[in-house]
Amino acid sequence: MATTALTPSASHDLSGVTKTLDLLAPRWSVWVLMTLSSQTLRYAEIKPRLPWLADGQLHPRLRHLTGAGVVERTEYAPRHVTYGLTSRGAALMPVFATIASWGDTYLEKDLVANKATGEMEPERIPPAQNIDDALALIAPRHAAPILWSLQARGSATAKSLATEAMPGYGLTAVYKPLERLAADGLITANGSGDYQLSASGRALSPVFQAISAWAAAPPAETDARRPRAQGLAPSNRSGPWATTPSRRPTPAAPAVRSAGPALTTTSPNGPAWKAGDLFSHQIPARPISPTGGPRR
């Protein structure tokens, strides 16, 4: 099979996708973003909503997301700091809905007894865990380029994928990511040695489309006016949008917001997300066995 390089526009889209996956993939990033999706919170208010995270885990996540321009840190006084989503961060919520819907449909679930009927049924997984587990499959290095190439080609040899998805690497380097994607149930190999997407791999198309659209969207005007911070941002413009404005005076009477759902976006093809869905598991866990669908 002849090797056809990705077009410049496809390479640009893929670059935006991989940068976005790098932003979201570190564990607990999704949980933090979804916790802030309904309201601005102080650190002491975020902590109880993510009780399994130690200070040494939560602070780095907040700094990472703030530096990437999706969380805004506002300092009113030395001991009065709030965190909330920027418009860029809020725009991730429909993307999360798409990823969660894919995870709920295609990722394996343990069977548990229904408390009311006693019937065995698939375990109910919180949306944030579905998103985390889906990202764990597509975010590893070279996974997205390989899946992207197979989506465009239909099928390809390992040599073609090494050339197109992993330029600069030797042929043997492609086999490890191919084995991982096959073990995760996203690709299959036929008797002639060609690789192709599985049904669940093909179903990732809306996920990549949503991520690509978010990465390519220009920042909102309010975010664009903020000074830029250091580092890379998952977008088609260079640099992130800084989200740490100068200290502001403390409001005379800050409004008290009632706790709401971590995410209220409803996927058109997925289940509605209700209050409490995010934390329906005290401490998330990943099944080890890959039986059933793509493994978690």
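Biologist: At 26% relative accessibility, how does Lys109 count, buried or partly exposed?

Modeller: Lys109 counts as partly exposed at that value of 26%, where buried means under 20% relative accessible area, exposed means over 50%, and partly exposed lies in between (1.4 Å probe, protein chains only). Please keep in mind that this is a predicted model, in which local features need pLDDT of at least 70 and side-chain atom pairs count only at pLDDT 80 or more, while totals for chains, interfaces and linings use all residues. Residues are numbered from 1 along each chain as its sequence is written, and side-chain values use heavy atoms, with hydrogens and water left out.

Biologist: Which residue forms a salt bridge with Lys109?

Modeller: A salt bridge is a side-chain nitrogen of Lys or Arg within 4 Å of a carboxyl oxygen of Asp or Glu. Here the partner of Lys109 is Asp104, with the closest N and O atoms 3.9 Å apart, and Asp104 is likewise partly exposed, at 26% relative accessibility.

Biologist: How many salt bridges does a search of the whole structure find?

Modeller: The search finds three. One of them joins Glu75 to Arg73, whose closest N and O atoms are 3.5 Å apart; Glu75 is buried at 17% relative accessibility, whereas Arg73 is partly exposed at 25%.

Biologist: What parts does the pair of Arg153 and Glu164 tie together?

Modeller: Arg153 forms a salt bridge with Glu164, the closest N and O atoms lying 3.3 Å apart. Arg153 belongs to helix 8 (residues 143-153) and Glu164 to helix 9 (residues 158-165), so the pair ties together parts eleven residues apart in sequence. Helices are DSSP runs (H or I, at least four residues), as are strands (E, at least two), numbered from the N terminus. Arg153 is partly exposed, with a relative accessible area of 21%, while Glu164 is buried, at 11%.
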